[in-house]
Amino acid sequence: MLLTKDIYFEQSESFRIDDISLDIPKGEIVSLVGPNGSGKSTLLRLISRLIKPGKGEIVLDGQMISAMKSKDIAKKLAMLPQVQEKQSDLTVYELIEFGRYPHQRSQRKFTKEDEDIIQWAMDVTHLHAYRNRMLHSLSGGERQRAWIALALAQRPKILLLDEPTTFLDIAHQLDVMELVQELNKELNMTVLMVLHDINQAARYSNRLIVMKDGGICYDGTPRQVLTRDMFQSVFHIDAKIHKADDAAYYTPLKLR
Ligand SMILES: Nc1ncnc2c1ncn2[C@@H]1O[C@H](COP(=O)(O)OP(=O)(O)OP(=O)(O)O)[C@@H](O)[C@H]1O
Ligand SMILES: [Mg+2]
């Protein structure tokens with residue numbers, strides 16, 4: 001579904017993404033974790049072609065993204081950015097409508113299918129009551145859900161989420177995680193998301209990728225990746241690891 005081949009990107013003198021090769025098969029839920037400034041958002045921006053790598057290639061559904069039209073990328077891939085642009089003069093409904101633009105053939109009006117998908121995106125993000133509200137009048141969490149709905153309205157095959165739960169209370173965090181699972185199960189959507197809550201990442205993902213200093217240092221199932229060594233070498237904390245059946249989670253103990 002998604003391949004990155006030896007990607008190199010020089011962000012500044014002090015930071016570069018170096019030699020990242022990834023293979024994310026269709027239908028996987030992958031969480032990207034790692035310290036602040038390790039390059040997670042940069043990697044998502046490279047994958048969605050917001051920035052271009054100095055070297056390497058990104059292949060989406062068999063096609064090199066460097067040769068694709070933006071509209072064709074947007075039909076397959078949607079991204080929730082970590083920091084949303086200011087679009088405060090739009091209503092929730094107007095924002096979500098943007099998700100359908102890549103799918104329109106000409107300047108035609110929205111079809112019944114477009115309308116249905118917009119309704120569905122509002123349903124699953126519980127935004128019906130807010131449809132005519134201006135974005136600037138929403139709370140941080142409500143606005144976050146509106147941006148998630150925009151990404152969903154694209155009906156992407158692969159969904160990139162950069163810290164989708166950051167502004168949300170615990171109930172809405174779980175809501176988003178359950179939604180991700182549902183989209184994955186029912187639509188076979190591939191999901192690559194950045195999360196800081198490693199226990200949440202472990203619970204809801206098939207695979208965890210850990211980044212440090214612009215590179216990937218661990219990649220595997222939550223059970224494989226959650227180890228004391230990983231917490232020590234990447235986050236410099238001591239952690240107790242709990243493993244049961246398929247699940248794994250950790251309790252932080254102290255700074256080393
Ligand atoms: N436009 C830019 N110009 C210069 N440096 C940048 C730019 N954008 C990001 N960086 C730097 O690149 C590094 C990686 O940033 P990135 O946003 O990918 O980190 P991250 O892993 O997403 O961190 P966080 O968990 O804080 O969101 C950081 O050191 C950051 O300061
Ligand atoms: Mg980030």
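Two strands count as paired if DSSP finds at least two bridges between them. In this predicted model, strands β9 and β10 pair in the antiparallel sense, and 5 bridges join them. They form a hairpin, with 2 residues between the two strands. D213 lies in that turn and has a positive phi of about 45°. Within the pair, V210 stands opposite Y218, a residue of β10.

## The six-stranded sheet

β9 and β10 belong to an open sheet of 6 strands, whose order is β6-β7-β8-β3-β9-β10. The pairing in this sheet is mixed. The edges are taken by β6, residues 77–80, and β10, residues 215–220; each has a single partner strand, so one side of each is left without a neighbour in the sheet. On average, neighbouring strands of the sheet are turned by 15° against each other, with direction ignored.

## The four-stranded sheet

A further open sheet consists of 4 strands in the order β2-β1-β4-β5, and its pairing is antiparallel. Its edge strands are β2, residues 16–24, and β5, residues 63–64, each of which pairs on one side only.

Strand β1 covers residues 2–10 and runs antiparallel to β2, with 7 bridges between the two. Two bridge pairs can be named: Y8 has D18 of β2 as its partner, while T4 has L22 of β2. β1 and β2 also form a hairpin, here with 5 residues between the strands.

## The surroundings of ligand 1

Ligand 1 is surrounded by 13 residues, of which G37, G39, K40, S41 and T42 are the closest. By class, the shell holds 2 nonpolar, 9 polar and 2 charged residues.

Several polar contacts involve oxygen atoms of ligand 1. From G39, a backbone N or O atom lies 2.9 Å from an oxygen atom of the ligand. The side chain of S41 places an N or O atom 2.8 Å from a ligand oxygen atom. For Q82, a polar side-chain atom is 3.0 Å from an oxygen atom of ligand 1. On its own, ligand 1 has 640 Å² of accessible area, and the protein covers 59% of that area.

Definitions and conventions:
Residues are numbered from 1 along each chain as its sequence is written. Chains are lettered from A and ligands numbered from 1 in the order in which they are written. This is a predicted model: local features need pLDDT of at least 70, side-chain atom pairs count only at pLDDT 80 or more; totals for chains, interfaces and linings use all residues. Side-chain values use heavy atoms; hydrogens and water are left out. Axes are lines fitted to C-alpha atoms, for helices over the stretch in contact, and angles run from 0 to 180 degrees between N-to-C directions. A residue is near a molecule or strand if one of its heavy atoms lies within 4 Å of it. A polar contact is a pair of N or O atoms within 3.5 Å; within protein, one must be able to donate a hydrogen and the other to accept it, and residues adjacent in sequence count only if both atoms are side-chain atoms. Accessible areas come from the Shrake-Rupley method with a 1.4 Å probe; for residues, only the protein chains shown count as cover. Ala, Val, Leu, Ile, Met, Phe, Trp, Tyr, Cys and Pro count as nonpolar, Asp, Glu, Lys and Arg as charged, and the others, Gly among them, as polar.
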